[in-house]
Amino acid sequence: MVLFCAIGELLVTKEAQSRQQIYDQLASSGQLSPALLVVKEHLPSRDVCMRINVDATRVGNVARFINHSCDGGNLDTIILRSSGSVLPRICFFSSRDIKNNEELKFSYGDIRLKKQGL
């Protein structure tokens, strides 16, 4: 069952990494609660992986309030493409039955900068 789709700014990876560095500094001092999502899409050949970066920090919807889960959580992130749309849709589907009052969680992906650079 689809719950909702993410809304935010679509960023190239370089811009997403730059923003994440700023967001990490602001978040560590309690000044900001960022919402930067990274979704990797594997092409059918499995040889190439496309990376989609969505920043819902300034412009977003209810999806920006879903918490991160290292184990993947109870939502699956699926990329949907339609022939009439230029941009893909990132949608959240329940990965299993969700209990009443259970917190919704999914993996945000990995945008963090490594200690020795990118």
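**Reading a loop residue, strand pairing and a surface patch**

A: We begin with a loop position in this predicted model: Asn74 lies in the loop that connects strand 5 (67-68) with strand 6.

Q: Is Asn74 buried or exposed?

A: The general idea is that a residue counts as buried under 20% relative accessible area. Asn74 has a relative accessible area of 2%, and is therefore buried.

Q: Which backbone atom does the side chain of Asn74 reach, and which residues does Asn74 touch?

A: For polar contacts, one looks at pairs of N or O atoms. Here the Asn74 side chain reaches the backbone nitrogen of Lys105 at 3.0 Å. Leaving aside residues up to four places away in sequence, Asn74 touches Phe93, Ser94, Ser95, Arg96, Ile98, Glu102, Glu103, Leu104 and Lys105.

Q: How many bridges join strand 3 to strand 4, and in which sense do strand 2 and strand 4 pair?

A: Pairing is read from the bridges between two strands. Strand 3 (residues 36-42) and strand 4 run antiparallel and are joined by seven bridges; within this pair, Val39 stands opposite Ile52. Their hairpin has six residues between the strands, and Arg46 there takes a positive phi near 65°. Strand 4 (residues 49-55) also pairs with strand 2 (residues 9-11), in the antiparallel sense over three bridges, with Asp55 as the bridge partner of Glu9.

Q: Which residues make the nonpolar surface patch?

A: Leu10, Val86 and Leu87 make this patch, of about 330 Å². Leu87 is located in the loop between strand 6 (75-80) and strand 7 (89-94).

Conventions:
Residues numbered from 1 in each chain as written. Predicted model: local features only at pLDDT ≥ 70, side-chain atom pairs only at ≥ 80, totals over all residues. Heavy atoms only, no water. Patch = residues over 30% accessible without salt bridge, like charges linked within 9 Å, V, L, I, M, F, W, Y side chains within 5 Å. Areas by Shrake-Rupley, 256 points an atom, 1.4 Å probe, with all protein chains shown as cover. Salt bridge = Lys/Arg side-chain N within 4 Å of Asp/Glu carboxyl O. Helix = DSSP H or I, 4+ residues; strand = E, 2+ residues; numbered from the N terminus. Buried < 20%, exposed > 50% of the residue type's maximum accessible area, 1.4 Å probe, protein only. Polar contact = N/O pair within 3.5 Å; in protein donor to acceptor, adjacent residues only side chain to side chain. Contact = heavy atoms within 4.5 Å.
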